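Please read this report with the sequence and the 3D model open beside it.

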Amino acid sequence: MKLTALLIAIEVGGTVAFAMSGLIEAMRKRMDVVGVFSVAFVSAFGGGTVRDLLLDRRPLFWVEHEAYLWLVFAMVISAPWWLKAVLKDAGARLMEWADAFGLGLFAISGTSIAVAAGMSPGVSVLMGATTAIVGGVARDVLCNEVPKVYQDHRPYALCAVAGSVAFLGLVALGLGSELASLVGIALATGSRLLAVALDWQLPGWRLPQK
């Protein structure tokens, strides 16, 4: 499957954003360099790997584009020099921003790749959500946290789904895929940032009283 320049750029941006979120969380947990690289790696590549396996897409996206792997490696090696000062004052906030941008970028790249593979709209949205969510879930598990997608109560997966649905809807209405991609990314990322800033809450699941 030949990817457009825009889709490659979106995929690179998502990889960098989620690698950043993994780097920040691992450094906040005071992991060693192996731990930091492991968390950054699974954050950046976990969602896309699961997507490619489900779509039977070979080689995996980070195997096909080995530069992604070296990019994450360079980020990890250089992190102590450029990230330490930022973490001191704004680590949690920066992680939320990186996570939100990764969510939006990967939601649209996953949806686009599924569409290009001939999947139905429903499956394409699911692939977009999978690409956007799995890396963050793996990051939180490795950092000994309950994944935020399951316990945060602020919309997360729904933001990815909203961005993917908007992208597909705009393309169906005749809008160019490039502009539709940007709108979908903005909707997914923006809605997640708003959910965090305004503390929007989804209702918890409560068992009926006996």
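## Confidence and conventions

The protein chain has an average pLDDT of 87, and 90% of the residues score at least 70, where pLDDT is the predictor's confidence in each residue, from 0 to 100. Confidence is lowest in helix H7 (residues 148-151), with a mean of 79, and highest in H8, with 95; helices here are DSSP runs of H or I with at least four residues, numbered from the N terminus, while strands are E runs of at least two.

This is a predicted model, in which local features need pLDDT of at least 70 and side-chain atom pairs count only at pLDDT 80 or more, whereas totals for chains, interfaces and linings use all residues. Residues are numbered from 1 along each chain as its sequence is written, and side-chain values use heavy atoms, with hydrogens and water left out.

The 24 residues of H1 should span 34 Å at 1.5 Å a residue, and its end C-alpha atoms are 35 Å apart, which agrees; the expected span is 1.5 Å times one less than the number of residues. After H1 comes Arg30, which has a positive phi, near 60 degrees.

Helix H8 (residues 157-172) has 16 residues and reaches 23 Å from its first C-alpha to its last, close to the 22 Å expected. Which residues of H8 are buried? They are Cys159, Ala160, Gly163, Ser164, Phe167 and Leu168, where buried means under 20% relative accessible area, exposed over 50%, and partly exposed in between (1.4 Å probe, protein chains only). Seen down the axis of H8, these buried residues fall within an arc of 165 degrees, so they line one face of the helix; the arc is that of the directions from the helix axis to the C-beta atoms. On the other side of H8, Leu158 and Ala172 are exposed, and the helix is followed by Gly174, whose phi is positive, near 100 degrees.

## The nonpolar cores

The largest nonpolar core has 21 residues, and those with the most contacts inside it are Leu23, Phe45, Val72 and Val76. A nonpolar core is a set of buried Ala, Val, Leu, Ile, Met, Phe, Trp, Tyr and Cys residues joined through side-chain atoms within 4.5 Å. At least two residues of this core come from each of H1, helix H2 (33-54), helix H3 (61-64), helix H4 (66-82) and helix H5 (84-116). Apart from this core lies another, of 11 residues, among them Leu103, Ala132, Tyr156 and Ala160.

Not counting residues up to four places away in sequence, Phe45 touches Thr15, Phe61, Trp62, Tyr68, Leu69 and Val72, contact meaning heavy atoms within 4.5 Å. Thr49 has its place in helix H2 and is buried, with a relative accessible area of 17%. When neighbours within four places in sequence are left aside, Thr49 is in contact with Leu60, Phe61 and Trp62; the C-alpha atoms of Thr49 and Trp62, which are 13 residues apart along the chain, are separated by 8.1 Å.

## Charged side chains

Side chains of opposite charge can pair when their charged atoms come close. How many salt bridges does the structure hold? There are 10 salt bridges, each being a side-chain nitrogen of Lys or Arg within 4 Å of a carboxyl oxygen of Asp or Glu. One of them joins Glu25 to Arg28, with the closest N and O atoms 3.2 Å apart. Because Glu25 and Arg28 are 3 residues apart in helix H1 (residues 5-28), about one helical turn separates them. Glu25 is buried, at a relative accessible area of 8%, whereas Arg28 is partly exposed, at 43%.

Asp52 and Arg57 also meet in a salt bridge (3.0 Å, N to O), and both of these residues are buried. Together with Glu11 and Arg51, Asp52 and Arg57 are linked in a network of salt bridges. In the salt bridge between Asp56 and Arg58, the closest N and O atoms are 3.9 Å apart, and here both residues are exposed.
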